Amino acid sequence: MGSGETTPNGGLVFEAAAKTLPPSPRIGILETPAGFELNSTMVAKRIADYINIRLQNYSPQIDVIAARKKDTPYATNSPENVRSVMACDMVFLGPGSPTYAVRQLKDSLVWDAVRYRFRQGAALVLASAACIAMGKYALPVYEIFKAGEDPHWKPGLDLLGEFGLPCVIIPHWNNAEGGKELDTSRCFIGQERFIPLAAQLSQDVPIIGICEHTGLLVSLKDQSCSVVGKESITVIQRGVEKVFKSGTQFDLSEIGNYQPISSPEYEIDPEIFLHKAKIQDTKTEKRKPGVEVIALLKKRDLAREKKEWIEADMIRKQISQLGWQIVDTPEGSRLEPI
C-alpha cells in the first residue's frame, strides 16, 4: 500500500489477502518499522483494531508482535517472536523508518521466519516504510528529507529479489502535502531529487511507485498483479514508464522475470525450525467467533424452532465454511473452532 492502511482503500488490500487464507486466519502485526518510537505498540494496536473490525467476517486471530530491535527483550531474534511469526497466515508491516526496519530485520530469525511463511503461502501485507524496506535498495527518507543528507540509496531486504524480481518500491508516489510551494511527491523526496536518484540504479532494477490510498496486489502463484484503491501505480523499467490505474491487472513479467524457489527451506536459518513443535499450541488457542458467525447461529436456532430443517442445515454449512462447528446440547447450541 502506498499509504492509508486504516482507511477503506487499505481495507481492500487486507480483504483481498484474507480471501486467500484458511478460515479464522492468524494475523501478526510486526512493530519493527516503528520499533524506535516510544508508542510503537499503540500504533500497532490501532492497526490491529482496524483489521479486527474490517475482517470481522473472517474471524481473525490478531497478534501484535513486539519485534522492535536486535539484542533487546523485544528482539527480532527472540524465540517467542519467531514462534509468533511462524504461526501466522498473514504478516503486516507498516509505517516507521525504512532504514531502521532493514537494520533490525536483516539477518534476523524473525525475518527468516517471515520469508519462510511467505514462501509457504502466507500473505505479506506492507504499507509505507515497510514497502521501501522490502526493495533491493531502500530510500533513506528521513535521512534525506529531514536530516539533509545527499540523495542516495541504502541496501534493502530485497524480498522479491530471491524470486528473480529485484526492484525498488516507492510509496507515497503522488504525495502533495507540500502544496504548491514544495514538491513532496516520490515519498517526500520530490521529483527534482528523485530523477538523479533513479539514475543511480541499474537498468535491471525497476522502480515501482505506489500512489497514496492505492494497493498493488502481487500473486507469485498466478504470476499476476492488480491495482486496487484510489489512484494508480507506476512501473519504470529500463527508462520506460508505464502507469496502471486502479482496477487494472497486468502480468508479473512487467516487473521482472519470475523464478520460483526450489523449497521454502532454501537459505533459511535452521534455528527457526526448532520452534515448530510449539506452534500448534499457539494456533489452537481459544478464539471468539465473529459477528457474522454469531448472527448465523441465531438464524439457525430460529430455523430449528420453526422446524425448517433444510434451512438450518444450509446455515450449518455456512458456519462450517467460516471455520466453526455447531455443537447441539440440551442447554442449546454452541460454537467451537474447527
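Residues are numbered from 1 along each chain as its sequence is written, and side-chain values use heavy atoms, with hydrogens and water left out. In this predicted model, local features need pLDDT of at least 70 and side-chain atom pairs count only at pLDDT 80 or more, whereas totals for chains, interfaces and linings use all residues.

**View 1. The largest cavity is lined by residues that include I29, L30, F92 and P95.** A cavity is a set of points, on a 1 Å grid over the protein atoms alone, where a 1.4 Å probe fits but cannot get out, and lining residues have an atom within 4 Å of a point. Two cavities of 30 Å³ or more are counted, and the largest holds about 70 Å³, a volume being the space filled by probe spheres set on the points, with grid points joined across faces, edges and corners. Two or more lining residues come from each of β1 (26-30) and α2 (40-54), and α2 gives the most, with four. Helices (H or I, at least four residues) and strands (E, at least two) are DSSP runs numbered from the N terminus. The lining of the largest cavity has nine nonpolar, two polar and one charged residues, where Ala, Val, Leu, Ile, Met, Phe, Trp, Tyr, Cys and Pro count as nonpolar, Asp, Glu, Lys and Arg as charged, and the others, Gly among them, as polar.

**View 2. V91, V114, R117, F118, A122, A123 and L124 line the second largest cavity.** Its volume is about 30 Å³. The elements that give two or more residues to this lining are α5 (109-120) and β4 (123-126), and α5 gives the most, with three. By class, the lining of the second largest cavity has six nonpolar residues, no polar ones and one charged.

View 3. A pocket is an open set of points with protein on both sides within 12 Å along at least five of seven lines. Of the 38 residues that line the largest pocket, F118, L217, V218, S219 and L220 lie nearest its centre. At least two lining residues come from each of α1 (8-18), α5, β4, β8 (207-210), β9 (214-219) and β10 (224-229). The lining of the largest pocket divides into 27 nonpolar, eight polar and three charged residues.

**View 4. Helix α3 (residues 79-86) packs against α5 with the axes 9 Å apart.** The angle between α3 and α5 is about 10 degrees, with axes fitted as lines to C-alpha atoms over the stretch in contact and angles running from 0 to 180 degrees between N-to-C directions. The two helices, α3 and α5, are therefore roughly parallel to each other, a term for angles under 35 degrees. N81, V82, V85 and M86 in α3 meet L109, V110, A113, V114, Y116 and R117 in α5, where contact means heavy atoms within 4.5 Å.

**View 5. Mean pLDDT is lowest in helix α9 (residues 279-283), at 50, and highest in strand β3 (residues 90-93), at 98, among the elements of the protein.** The pLDDT is the predictor's confidence in each residue, from 0 to 100. Over residues 280-284 the pLDDT is below 50, and this stretch has six contacts in the model beyond near neighbours in sequence. Where pLDDT is low, the predicted coordinates should not be read in detail.

Terms used: Parallel < 35°, antiparallel > 145°, perpendicular 65-115°, else oblique.
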